[in-house]
Amino acid sequence: MKFTLNTGRTIWQGQAIESGKDLKMYVDAAAICQMNVEQMEKMGVKEGENIKVVSDFGDVIVKVVMAKEELPEGMLYIPMGPWANRVIRPNTDSTATPSFKNVPVDITPTEELVLDMPTLMKGYGKISNY
Amino acid sequence: MELVKNVVCPFCGTLCDDIICKVEDNEIVGTKNACRIGHSKFVHAEGAERYRKPLMRKSGELVEVSMDEAIDKAATILAESKRPLMYGWSCTECDAQAVGVELAEEARAVIDNTASVCHGPSVLALQDVGYPICTFGEVKNRADVVVYWGCNPMHAHPRHLSRNVFGRGFFRDRGRPDRTLIVVDPRKSDSSKLADIHLQLDFNKDYELLDAMRAVLLGHEILYDEVAGIPREKIYEVVDALKNAQFGILFFGMGITHSRGKHRNIDTAIMLVEDLNDSAKFTLIPMRGHYNVTGFNQVCTWESGYPYCVDFSTGTPRYNPGETGSNDLLQNKETDGMMVIASDPGAHFPQKALERMAEIPVIAIEPHRTPTTEMADVVIPPAIVGMETDGTAYRMEGVPIRMRKVVDSGLLPDREILKRILKKVKEIKAASK
């Protein structure tokens with residue numbers, strides 16, 4: 001199903017980055033996707049189930065949570081972080097700033113697991129230079 | 001247990017300066033007055049990895065090395081790269097930033113800070129059309145109309161509203177009841193729930209709404225029933241509130257800098273503030289994220305003439321965001337060696353930039369295990385500014401505040417690490433001449 005993805009700060013994401021980005025707290029705060037409750041009912045997904053978010057620029061698995069800050073129709077919200085950044089639009093439009101907000105995405109329910117921070121970063125295939 | 005008072009919080013640009021730290025055995029074990037995020041920074045969380053020794057990635061694994069070896073390697077990477085990039089700077093103090101600019105000049109590097117993924121578009125706009133800014137003190141004591149556009153301070157700057165809107169001021173002695181609070185956000189955000197007026201505009205339509213408001217202000221009629229999803233009558237009502245302000249303030253954030261139009265949105269927002277000054281007193285303050293992101297823009301400007309994205313490759317500073325921004329350089333695969341300090345691009349850069357960081361040598365001057373250290377070849381842990389070492393930081397509207405040292409970590413501060421790398425880079429450059 002097609003949506004527009006918004007990203008940004010939540011206080012829980014802020015608390016998690018300062019507590020430790022290697023903690024489960026970070027996964028719980030940032031590897032999530034907020035969705036309106038009506039939308040969840042329409043799609044038949046429950047809180048805690050996983051979805052795959054795909055954009056023109058990448059894909060990521062995140063956990064669905066009910067949006068406490070109601071979203072406009074057709075919008076999803078993933079807190080800023082390495083999970084959201086798998087799918088946002090990297091182009092800077094010659095301003096030096098990538099497009100972190102309002103990215104068209106397609107989502108499908110999935111059985112695949114949400115990756116923790118080190119596993120997610122391993123996906124980039126860091127070359128050991130020494 | 002000892003109580004250390006008047007500590008400055010090293011998290012966000014609000015730079016709260018009334019924190020009380022509870023210290024036991026040279027460790028901060030609790031705080032008073034801090035928000036949820038600030039508290040998390042001060043108090044070590046169980047299980048989180050704090051680096052105490054320099055590390056180097058050898059055969060894929062980070063292993064402990066001596067400080068000398070780490071400094072040597074970092075200097076070699078900077079000196080020998082053809083297009084080195086030095087990124088971050090927003091979570092450290094101004095003296096370290098000044099050494100950083102000198103190091104960038106010496107290494108002929110590009111130096112850039114987190115503004116380039118944050119309020120960079122605001123910097124571009126204020127260079128275009130000006131910067132009618134004021135201080136928090138003026139907001140607290142005078143503001144009767146407060147606008148938060150594209151920002152959600154209840155989550156991102158948790159004490160901002162309590163200090164500037166709910167707080168009582170000299171001419172606003174009842175605090176919140178003496179002010180009109182307007183929030184502009186496409187979501188029903190927690191900040192918008194506190195507002196007198198919530199303009200729930202369509203996303204990516206900030207420019208249209210700002211322009212419509214300017215048109216009304218200049219005496220024109222709106223010819224459509226609604227603009228950006230906001231009914232015409234509502235726009236008239238808001239413009240009326242704005243232009244009758246005794247002292248108005250526009251706070252703006254990522255909702256407007258990251259949406260379509262980017263710096264052009266801010267151009268128009270600043271012009272709206274300028275237009276409003278025909279009938280009201282009106283000012284603006286960008287909601288800066290990191291506690292000293294503003295400081296880097298100040299330091300870099302007085303050292304090089306430009307606030308961020310400064311390219312020293314020709315020996316003289318050159319400034320061209322869109323070409324010399326960190327994301328431009330990484331995504332275009334120009335950068336062949338990167339130093340990250342006091343920030344976490346691993347967590348906050350898009351996938352295409354990280355693909356480049358995975359290929360090239362990366363130095364991280366970073367106290368904790370982060371997505372950036374997962375991509376790093378050299379990790380040098382510094383003392384944390386505002387907790388383990390002192391220094392100056394600039395609040396979001398440009399007021400410098402001295403950060404305090406609360407406990408002793410025995411680790412080198414950023415400025416000392418950078419001085420050692422600078423000395424080594426100079427030696428390598430001199431030897432190759």
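Tutor: Start with A195(B). Leaving aside neighbours within four places in sequence, A195(B) is in contact with L181(B), I182(B) and V183(B). Contact here means that the C-beta atoms, placed from the backbone, lie within 7 Å. The model is predicted, so local features need pLDDT of at least 70 and side-chain atom pairs count only at pLDDT 80 or more, while totals for chains, interfaces and linings use all residues. Residues are numbered from 1 along each chain as its sequence is written, and chains are lettered from A and ligands numbered from 1 in the order in which they are written.

A195(B) sits in the loop between β9 and β10 of chain B. Strands are DSSP runs of E with at least two residues, helices are runs of H or I with at least four, and both are numbered from the N terminus. A195(B) is partly exposed, because 19 other C-beta atoms lie within 10 Å. The scale is simple: with C-beta atoms placed from the backbone, 20 or more others within 10 Å make a residue buried, 12 or fewer make it exposed, and partly exposed lies in between.

β9(B), residues 180-184, runs parallel to β10(B), and three bridges join them. I182(B) has I197(B) of β10(B) as its bridge partner. That I182(B) is also one of the contacts of A195(B). Strands pair when DSSP finds at least two bridges between them.

Both strands belong to an open, parallel sheet of five, in the order β10-β9-β8-β13-β14 (chain B). Its edges are β10 (197-199) and β14 (282-286) of chain B, each pairing on one side only. Direction ignored, neighbouring strands are turned by 15° against each other on average. Helix α11(B), residues 263-276, packs on this sheet and touches β8 (145-149), β13 (248-252) and β14 of chain B. The direction of α11(B) makes about 155° with that of β14(B). Such angles run from 0 to 180 degrees between N-to-C directions, with axes fitted as lines to C-alpha atoms, for helices over the stretch in contact.

α4(B), residues 120-129, is largely enclosed by the rest of the structure, because seven of its 10 residues are buried. Those are G120(B), P121(B), S122(B), V123(B), L124(B), A125(B) and L126(B). G130(B) follows α4(B) and has a positive phi, near 105°.

Chain B also has a nine-stranded sheet. It is open and mixed, ordered β5-β4-β19-β18-β17-β6-β7-β15-β16. β5 (61-64) and β16 (318-319) of chain B stand at the edges with a single partner strand each, so one side of each lacks a neighbour in the sheet. Helix α3(B), residues 94-107, packs on the sheet against β6 (84-88) and β7 (110-113) of chain B, at about 165° to the direction of β6(B).

Follow this sheet in from β5(B). Four bridges join β4(B), residues 55-58, to β5(B), antiparallel, with R57(B) opposite L62(B). Two residues lie between the strands of this hairpin, where S59(B) takes a positive phi near 50°. β4(B) then runs antiparallel to β19(B), through two bridges. L55(B) stands opposite V379(B) there. V379(B) also has A364(B) opposite, where β18(B), residues 362-365, joins β19(B), residues 378-380, through three parallel bridges.

Last, the other chain. The contact between the chains takes 49 residues from chain A and 64 from chain B. On the chain A side, β1 (2-8), α1 (11-19) and α4 (117-122) each supply at least two residues. The largest share, five residues, comes from α1(A). That side divides into 19 nonpolar, 20 polar and 10 charged residues. Nonpolar covers Ala, Val, Leu, Ile, Met, Phe, Trp, Tyr, Cys and Pro; charged covers Asp, Glu, Lys and Arg; the others, Gly among them, are polar.

α1(A) is mostly covered, with seven of its nine residues buried. These residues pack against α2 (24-30) and β5 (75-79) of chain A, together with α1 (36-42) of chain B. After α1(A) comes G20(A), with a positive phi near 160°.

Definitions and conventions:
Contact = placed C-beta atoms within 7 Å.
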